[in-house]
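Subject: Structure handover and notes

Hello,

Please find the structure we talked about just below.

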Amino acid sequence: MSGVNRKEKKYAKLMRNQPSNFTFSSADPGAGRSGMGPSEPQTDNPNYSCFTSHQGVNGDHGQQQQVGSSHQPSSYGDRQRGSHRGGFRGQRGSSRGSYRSYSQEIPKIITATNFAQARAAEINAMLKAVTHKSGSQFLQSLPPAMRRRAMSHNLKRLPRRLREIAKKEVEKIAQLKKEQSKSKSRKARRRHGNLLMEFNRRQRKNIWLETHIWHAKRFHMVKKWGYCLGTKPTTKSYRACYRAMSKQCLLQDLSYYCCLELNGTEDNLLKTLTCLSSREAGTTFASVACLSGKCQGSLVLYKADQYPEKPLGPVTFLWRPKTLSENRQLWIWAHPALKMDLLTELQLVCQCLDVPVPEPAPSECRTVTRTPVKQAKVIGSKRKLHDKAGEQVVPEKKIIGNGTRDPLETVIWTSLTTGIVIEDLTMEILRYRLIGPLSHCVMFEAIQAAGILKNSEGREETGLHSWWSEYCESPENVTLHNRQEGVLLLLPGIASPAEISAGTVLGLTVGDPRLNMPKNRTTAMPDPTQPKDLEKIRELCLNGVGAECAQSQIWDRNIRNIVTETKITEQELNGMRSKLLVPGTRLDLGPQESKIPILLVQQPGKMAGQEHTGWGSGWDILIPKGWGMAFWIPLIYRGARAGGLQEGAKHTQYKGLPHFPDDFPDCPAGMQHSEETEKELIAKYKKYPPAKRPNYIHHGTMTPFRCPWQRLVEDWETQNQDGGIKPTMSDQEQGLRSELQASNREAVGVHEKGAFEEISSEEKPPNLEEKMEEESESMTTLEQNTGCKNIHNPSNRDCSSKSGHVSILRNRKLLKQVSAWCRPTSSRGQQTRQYRGSAPVQMTADTVKSVICSYPRFLVWVRLSLLKKGSPVANATICIPSKEDLQRLASEPNCSGPQEPKHRDPFKQECKALRKSQKKRTLPQDSETAAGDLERKSASSFGKVLIRGLWPTQPLNVMSHCSRLTIGYVSQGDFSLTVGCGEAWGFVSLLGLLRMVLSQPAERRGLALVRSPASLQYRFAKINIEV
């Protein structure tokens, strides 16, 4: 019986899902689905449905058992299926009304002809798959009894009719394996040849600096402006880098800066470049000190004849000292984000739009290395690379220079009318920057002047260094080299690079710095025991370096290429060191030592303002390409600490200068950078859950991720034309007045509590309006006195108000006047200094009127020092304090500042509706349609999809959106390690700044309020305009 029961269980398990029959009756077409005939009664009892189904499956034998046992299951398996499977199916089917739904889908009659025609394509595909065996199924074509394992690798064991198909399939598989080869092992990938090929491949899209691999092991890398650059060290070194800039030496690789060379007569160059700058903004290309070649200059370039509008960006330039040739060479160094705009404008003004002169095949993507003669005599069993044809494969060469540029691409443009030639020297000349008081000590120990070849001694052994032997044949060149070496020897006796004239240039030819490296890393320090020539040092500090000492052979392109091609490799140097009699001694190559022409350019450091003058000064080293690591490692071994983009931005920030492109909102590169930064910050904001995001609408911040400069100056110009400035309360703020006392009582001071107690209900909102009206009246005193009716008078200066574009004020004379009016005071802990120079113009209504009418849409670069605690951040608002704020500060010196009332979020309900609609997307189609309609409605109403905590529309009035009038925004801010308090740098509207200063008392001029985007607390700060 056990065997019979086992068979029954197995059979019942196989047939448990098979219905007994299908019957479609006109009375109840769905009855046949449960396995019941038309005469069988239907019931909702799950046991009954299970019994009828089981009866149809097991036949008569099952019926007899069921009758004899009063409708009970015949076996244990049947009881389990009846109590679990059948019962739950009946309940689930009956609850959803499955009979009616299925009866509507199943047709009553099927015509075989029509059904076959409708499925003809499927039938043909099935027949084709069965009859035509593909190559991958050649083994499956055989019966299982004829299949053998050896057939997979020995095709002769297959039947002859399948051998051709199998052969084609095997060749196809072999070709695919060859194309998609398995990744090599790490040992194979780390071989020099394979590693070099991989590095060259990765440089085709983004340019690598010569120090890239060194930085990639120690820095966080980022891809910006077409380069792979290091942002900051992986170690905790923020304060260590600041100490290096202040007391020691910080090293930066600025080789990503682009260099453009202009070659032509001096008159043509000056005549062409005059329209790109203005004397009002400071230095020009025609400055006497810069034109002689002994100093480096810096300026902001504009589009041709567009000053003070449409700036391009800041550049530094360097003239080659005059030679016997009539033509002059000019190097212009620019940021890579500025390169294309600058190059286009230079081609336009220089008329270099003619057919470009083809450049001789440059060695950008390959390096011609010197092959020693001894290698031809070495006989060994080292294997050689060969291709399929048996020819020897040329080994991969390291990319030196710009790896993204085609070697045949033209990089020279000439003009047949002006005779000016423009050449792109990007990555042809490397630039390293040393920052700190010990930078000249590090530089002095790392590099040494090249030796002079005397009396033709060893000149025949120089080989490829013949250019140096030819240079030494002239007594004038030898005398000049000795003078340059003498200046280099005086540098260790100077306490700081800031003591030398700003931008001093020193040309020099040095030996291979790899031969002077110490065994271990040391710190270069001035030697007090070394005698100093005080007279020469004093003369060097007062008069600087002469123009003749600024001459260098690095200006000659042919010599640069020779120096790059004849560099001795590290492998050769190590081989020579291994043959030294006394290990560790200095390797003396004699005449075979490489000679490298370089340029040393002094960086003045902080020059704006009267505080910490000279901080951050140092030296720039210009060297030919191919020698990057040869100079980098010796400088590191002398105690220089490496820095990245973050350290460079902090260095510029502590000097009080705007950093490009972050702090140039009027330049194309600055606008693009602002848009990219806003997208990144919004994406980062969305990644946080809603509960962890700051609600910027509640904080009254309309643009937390960017600074709406254009809208700010337009609002101030509109209010100036209307004749009144009154902070307008929006609908969101009007509903807030009843909540002012509860939302601010806990956070404000004693005086603020008393002020808000007066506004305890909605019946007393005029008090707040009267307070704002008093503030606005104090701010419009200038306008009532001046009566400036039309700022677009044709007799006035053609300013940016006509073009609708914001500009930055760079007129140094006007900046000095505004700086004197603001009475710039020192930071916390510093003594106040009087204004130097000629007596400033008195601040009168007529003077301010003329400035406002001439520069209505201009911004002013300012520095803000917080009076008390606080650390400002980017995009913080700069506001005008009210009279009550100034009175409170006078009565309470320790007062940190007022508070902004909490704003109401008018989009809260819409955001909730959108969230609910998103949750209902998994429901039936009707709910999804309703959610989509709601989302489309919100998007069409507000311009974009709502994000909780952000304003969805363009700000309408950023000036008077909050309780204090906004005059500017913070571009960069942090706790300053230089002055020991929070500092911020940003731009303010010139019109708003003058009105603020004019309305403030004499002893409180220059005080403003700063508030972070995610805070309601205002902080008092002093405004300083440093020129």
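Let me begin with helix H36, which covers residues 990-999 and is largely enclosed by the rest of the structure, because 8 of its 10 residues are buried. Here "buried" stands for under 20% relative accessible area, "exposed" for over 50%, and "partly exposed" for anything in between, with a 1.4 Å probe and protein chains only. The buried residues of H36 are Leu 990, Leu 991, Gly 992, Leu 993, Leu 994, Arg 995, Met 996 and Val 997. Helices and strands are DSSP runs numbered from the N terminus, a helix being H or I with at least four residues and a strand being E with at least two.

Before going further, please keep in mind that this is a predicted model, in which local features need pLDDT of at least 70 and side-chain atom pairs count only at pLDDT 80 or more, while totals for chains, interfaces and linings use all residues. Residues are numbered from 1 along each chain as its sequence is written, and side-chain values use heavy atoms, with hydrogens and water left out.

Strands and their partners

Two strands are said to pair if DSSP finds at least two bridges between them. S1 runs parallel to strand S3 (residues 227-233), with 2 bridges between them, and Ile 207 has Tyr 227 as its bridge partner in S3.

Strand S4 (residues 250-253) has side chains pointing both ways: Leu 250 and Gln 252 go one way, Leu 251 and Asp 253 go the other, and all are buried.

Strand S22 has two pairings to look at. S17 and S22 run antiparallel and are joined by 4 bridges, with Ile 1023 of S22 as the bridge partner of Leu 864. Strand S21 (residues 1007-1011) also pairs with S22 in the antiparallel sense, over 4 bridges, and Leu 1007 has Lys 1022 as its partner in S22.

Salt bridges

A salt bridge is counted when a side-chain nitrogen of Lys or Arg lies within 4 Å of a carboxyl oxygen of Asp or Glu, and a search of the whole structure finds 25 of them. In one, the side chains of Arg 201 and Glu 198 meet at 2.5 Å, N to O. These two are separated by about one helical turn, because they are 3 residues apart in helix H10 (residues 192-202). Arg 201 is exposed, with a relative accessible area of 52%, whereas Glu 198, at 31% relative accessibility, is partly exposed.

Another salt bridge joins Glu 1026 to Lys 606, with the closest N and O atoms 3.8 Å apart. Glu 1026 lies in the segment after strand S22 (1019-1024) and Lys 606 in the loop between strand S13 (596-603) and strand S14 (618-624), so the pair ties together parts that are 420 residues apart in sequence. Both residues of this pair, Glu 1026 and Lys 606, are buried. They also belong to a network of salt bridges that links Lys 606, Glu 611, Arg 863, Glu 983 and Glu 1026.

A further salt bridge is the one between the side chains of Glu 717 and Arg 857, at 2.4 Å, N to O. Since Glu 717 is in helix H25 (residues 709-722) and Arg 857 is in the loop between helix H32 (845-854) and strand S17 (858-866), the pair ties together parts that are 140 residues apart in sequence. Glu 717 is buried at 4% relative accessibility, and Arg 857 is buried with a relative accessible area of 12%.

Ile 123, Met 126, Leu 127 and Val 130 make a nonpolar surface patch of about 360 Å². Of these, Ile 123 lies in helix H7 (residues 120-131) and is partly exposed at 34% relative accessibility.

Best wishes

How values were computed
Patches are made of residues with over 30% relative accessible area and no salt bridge: like charges are joined within 9 Å, nonpolar side chains (Val, Leu, Ile, Met, Phe, Trp, Tyr) within 5 Å. Accessible areas come from the Shrake-Rupley method with a 1.4 Å probe; for residues, only the protein chains shown count as cover.
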